[in-house]
Amino acid sequence: MNEINPTPTVEDYLGVIYTLDRDGESIIGAKLSELLEVSPPTVTVTLKRMIRDQWITMDARKEIHLTPKGIEAAVSIIRKHMLTEWMLSRILEVPWSQVHEEAHKIEHSISVDVADKMQERLDDPECCPHGNPLPGHEEITQNWKPLIEMEEGDRFIIRRIHEFAEEDGNLMNFLQKNKVQPDQIGIIKEKMPFNETITLQMENSTVPLGFKIAKLLFVEK
Ligand SMILES: [Zn+2]
Ligand SMILES: [Zn+2]
């Protein structure tokens, strides 16, 4: 069979590879294994198949690159994912912390025609409900800084929870409970580099975060 459409597994890989590439990170199998929570041997087998089907190439340093066909498929699945998140949150009122996981189950079976209709109905969003840019709208994130770069006393507006943080359901519940969500205002109450923690004062709560999480949240001063 001549493979025209990527399988759901391949789509998951393409999405993660595209996101890492967008962030300017080098992409190797070990990183995918960690992010996709799949064993290294399984990743190796899937990558081989993806090279065979011309979604990606691998250079001499074992770094992975998307082919033009790979980019197109990645953009398509990311767009479907983000539009589905909006549909779930705006129309079905699924809680913000759960829309990523739910969208992940649906996105693979949406046609381009339906995605186009969703885009129109949702007024052409530039980012997902977590503030991550739809492919082609990356410039909206330009002035948003990682929370980790803020200092004590800085006031900020939350703009974005990075895609890789969306994957952690417990974290997303915690963020929603404390209203650490796009458009919410806060202030840095305390920053303790020796302890690698940063404490936010949000509207109704004090929120301690580790530096690892603070690198995945983006704010505007
Ligand atoms: Zn998502
Ligand atoms: Zn999202």
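## A walk around the chain

What you have open is a predicted model, where local features need pLDDT of at least 70, side-chain atom pairs count only at pLDDT 80 or more, and totals for chains, interfaces and linings use all residues. Residues are numbered from 1 along each chain as its sequence is written, while chains are lettered from A and ligands numbered from 1 in the order in which they are written.

Now switch to a cartoon view. You'll find nine helices and eight strands; these are DSSP runs numbered from the N terminus, with helices (H or I) of at least four residues and strands (E) of at least two.

**Stop one: H1 and H4.** Select residues 8-22 (H1) and 68-91 (H4). They pack at an angle of about 95°, with axes 8 Å apart. Here axes are lines fitted to C-alpha atoms, for helices over the stretch in contact, and angles run from 0 to 180 degrees between N-to-C directions. That makes H1 roughly perpendicular to H4, a label for angles of 65 to 115 degrees. Show side chains for Glu11, Leu14, Gly15, Ile17 and Tyr18 in H1, which meet Gly70, Ile71, Ala73, Ala74, Ile77 and Ile78 in H4; contact means C-beta atoms, placed from the backbone, within 7 Å.

**Stop two: H2 and H3.** Next, pick residues 29-36 (H2) and 40-52 (H3), whose axes come within 9 Å and cross at roughly 115°. H2 is therefore roughly perpendicular to H3. Gly29, Ala30, Leu32 and Ser33 in H2 meet Pro40, Val43, Thr44 and Leu47 in H3.

**Stop three: two loop residues.** Stay where you are and click Glu37, in the loop between H2 and H3. Its phi is near 55°, a positive value in a residue other than glycine. Is Glu37 buried or exposed? Glu37 has 8 C-beta neighbours inside 10 Å, so it counts as exposed.

Finally, jump to Asp183, in the loop between helix H8 (169-177) and strand E5 (185-192). Asp183 isn't a glycine, yet it has a positive phi of about 80°. With 9 C-beta neighbours inside 10 Å, Asp183 counts as exposed.

How values were computed. Parallel < 35°, antiparallel > 145°, perpendicular 65-115°, else oblique. Contact = placed C-beta atoms within 7 Å. Buried ≥ 20, exposed ≤ 12 C-beta atoms within 10 Å, placed from the backbone.
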